[in-house]
Amino acid sequence: MSTCQFYNEVIHRYLDGEATKEETAAMYQHMSSCAACEQHLKELKKSIAFIQSSSHIEAPANLTACVMSQLPKQKKVSRFKR
Amino acid sequence: MDILTARLIRETKKGNEQAFAELVELYKDSVYQVIYRLVGHAQEAQDISQETFLRVYMNLDKYDLTKKFSTWLFRVATNAAIDRLRRRKPDIYLQDKIKGTDDLTYESQLTSSEDLPEQQVVKMEQQAWIQAEINQLPVKYRTIIVLKYLEDLSLKEISEIMDMPIATVKTRVHRGREALRKRMRHL
């Protein structure tokens with residue numbers, strides 16, 4: 001495995017919050033002399049930020065009413081039996 | 001599990017439909033959001049959301065009360081969405097015209113058609129663009145990316161929802177991130 005391949009895995013562990021302090025320090029150390037890996041991390045961070053900039057969506061107002069109108073009726077029947 | 005959810009589930013099981021309506025109210029936005037992000041289409045998202053809550057209602061007896069309710073709920077929701085995506089052909093694109101209309105596209109239905117200030121139009125376009133990028137991801141990565149980055153769920157919770165080992169979830173997060181990066185690196 002090349003050094004950059006090795007750090008590619010560290011980068012993903014880092015993004016998952018699972019890289020150790022030592023790994024993170026070594027990763028930044030490597031990046032100080034490797035523009036490609038530095039760029040790689042930058043692009044990944046940018047992609048994540050882009051996806052996360054999507055707004056929250058709310059369900060249509062009538063969703064609950066639609067669900068309730070489709071419920072099977074047997075539960076009500078069992079109440080009459082008692 | 002929180003007390004309110006537990007109470008609503010207990011009441012629903014006893015046959016109290018009003019309690020189930022409250023349960024739907026409580027979770028409808030997060031269910032709809034996940035499904036919408038997976039299928040990228042408002043009407044389909046509504047259909048699948050309804051289907052999800054109906055399945056939940058019918059299978060409430062199978063729900064394990066010791067597990068977190070939202071985990072189970074998201075599992076039902078993502079399964080329903082993935083089923084639909086598998087059956088769907090041909091693919092619907094946001095720019096396609098809606099049948100029976102002259103010039104309405106699915107994209108135009110994403111947000112309300114009120115007069116919008118220019119800034120809001122730009123924002124709408126950006127939102128449609130983000131959704132289009134999400135839709136370009138292969139489904140197995142898309143689901144994980146949506147749960148992780150839009151719902152902010154932990155890898156462990158995602159592994160429970162998807163019923164797959166955490167190592168598989170990690171691999172898919174990595175590949176999903178790389179797929180997004182490759183498409184967006186030149187922006």
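**Exercise 1.** What covers the buried residues of α8(B)?

*Solution.* This is a predicted model; local features need pLDDT of at least 70, side-chain atom pairs count only at pLDDT 80 or more, and totals for chains, interfaces and linings use all residues. Residues are numbered from 1 along each chain as its sequence is written, with chains lettered from A and ligands numbered from 1 in the order in which they are written.

Start with the helix. Helices are DSSP runs (H or I, at least four residues), numbered from the N terminus. Buried in α8(B) are B:Val169, B:Arg172, B:Val173, B:His174, B:Gly176, B:Arg177 and B:Leu180. Buried means 20 or more other C-beta atoms within 10 Å of the residue's own, placed from the backbone. Now the cover. It includes α5, α6 and α7 of chain B, along with α1 (3-15) and α3 (35-52) of chain A.

**Exercise 2.** Find how α7(B) and α8(B) pack.

*Solution.* Take α7 (residues 155-162) of chain B. Its angle with α8(B) is about 105°, and the axes are 9 Å apart. Axes are lines fitted to C-alpha atoms over the stretch in contact; angles run from 0 to 180 degrees between N-to-C directions. The two helices are therefore roughly perpendicular (65 to 115 degrees). Next, list the contact (C-beta atoms, placed from the backbone, within 7 Å). α7(B) brings B:Leu155, B:Lys156, B:Ile158, B:Ser159 and B:Met162; α8(B) brings B:Ile166, B:Val169 and B:Lys170.

**Exercise 3.** Describe the side of chain B that touches chain A.

*Solution.* Count first: 31 residues come from chain B and 29 residues from chain A. α2 (17-39), α3 (42-58), α5 (118-136), α6 (139-150) and α8 (166-184) of chain B each supply at least two residues. α2(B) gives the most, nine residues.

Notes. Two residues are in contact if their C-beta atoms, placed from the backbone, lie within 7 Å. Angles under 35 degrees count as roughly parallel, over 145 as roughly antiparallel, 65 to 115 as roughly perpendicular and the rest as oblique. A residue is buried if 20 or more other C-beta atoms lie within 10 Å of its own, exposed if 12 or fewer, and partly exposed in between; C-beta atoms are placed from the backbone.
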